[in-house]
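Dear colleague,

Please find below the structure I am handing over to you. My findings follow directly after it.

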Amino acid sequence: MFARSLNKIFNQKSQKLTVYQLGNPALREIAQPIADVRDREIQNLIDEMLVTLKESKGVGLAAPQIGRSLQLIIIASHPNERYPNAPQMEPKAMINPKIISSSGQTEKGWEGCLSVPMIRGLVPRDREIEVEYTDRQGDRKVTKLTDFVARIFQHEYDHLEGKVFLDRVENTLDLATEAEYQKLWR
């Protein structure tokens, strides 16, 4: 599914962008709203973020991670090496997203980040959230997200607020290197 969605984008010669790493000040900025969703630059940015996400083998990406302080995230859950049990979904661009309600039920789960390579952390997140956003066609959407997809959204949404998952880890004992994490789950 993910690969099929990107065929058109690859044909347009969109390129993989550099993902900024922890320590880069761009990751700590508050992202700005996008005024014109249909702007060609925004549409091209979405395409480039989709390519970057696929090439990086991630399940989510926020514009601040590629140095653009804009309220734009991509969520794209799919089973992969890092998240073998992830549900399959079409990649979704979410512009000016907001969490409008949450279940209040939290659960700790392992997270990693393209901007924080080689580290994993147990992060508490709401299991169910209702979100509002604008899609890339300019239509306003409201949807409920649960479990892993809700976790992806909250992780990427944090990037829009200048946060990384390490800011949410409750105890340093909840951190592991990627290699140790893989040993735990094999």
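Strand 5 (residues 116-126) and strand 8 run antiparallel and are joined by three bridges; two strands are taken to pair if DSSP finds at least two bridges between them. Helices (H or I, at least four residues) and strands (E, at least two) are DSSP runs, numbered from the N terminus.

This is a predicted model, in which local features need pLDDT of at least 70 and side-chain atom pairs count only at pLDDT 80 or more, while totals for chains, interfaces and linings use all residues. Residues are numbered from 1 along each chain as its sequence is written, and side-chain values use heavy atoms, with hydrogens and water left out.

The pairing above belongs to an open sheet of three strands, with the order 4-5-8 and antiparallel pairing. Strand 4 (106-113) and strand 8 (175-177) are its edge strands, each pairing on one side only. From one strand to the next, the twist averages 25°. Axes here are lines fitted to C-alpha atoms, for helices over the stretch in contact, and angles run from 0 to 180 degrees between N-to-C directions.

Two helices lie across these strands. Helix 3 lies across strand 4 and strand 5, at about 60° to strand 4. Helix 4 (residues 178-185) lies across strand 4, strand 5 and strand 8, and runs at about 95° to strand 8. Contact means heavy atoms within 4.5 Å.

Within helix 3 (residues 147-160), I would draw your attention to Arg151. Arg151 counts as buried because its relative accessibility is 10%; buried means under 20% relative accessible area, exposed over 50%, and partly exposed in between (1.4 Å probe, protein chains only). Its side chain makes a polar contact with that of Glu111, at 2.8 Å. A polar contact is a pair of N or O atoms within 3.5 Å; within protein, one must be able to donate a hydrogen and the other to accept it, and residues adjacent in sequence count only if both atoms are side-chain atoms. Leaving aside residues up to four places away in sequence, Arg151 also touches Trp110, Val123 and Arg125, among others.

As to the whole chain, there are four helices and eight strands. Of its 186 residues, 49% count as buried. Among contacts with a separation of 6 or more, 68% are between residues 24 or more positions apart.

Yours sincerely
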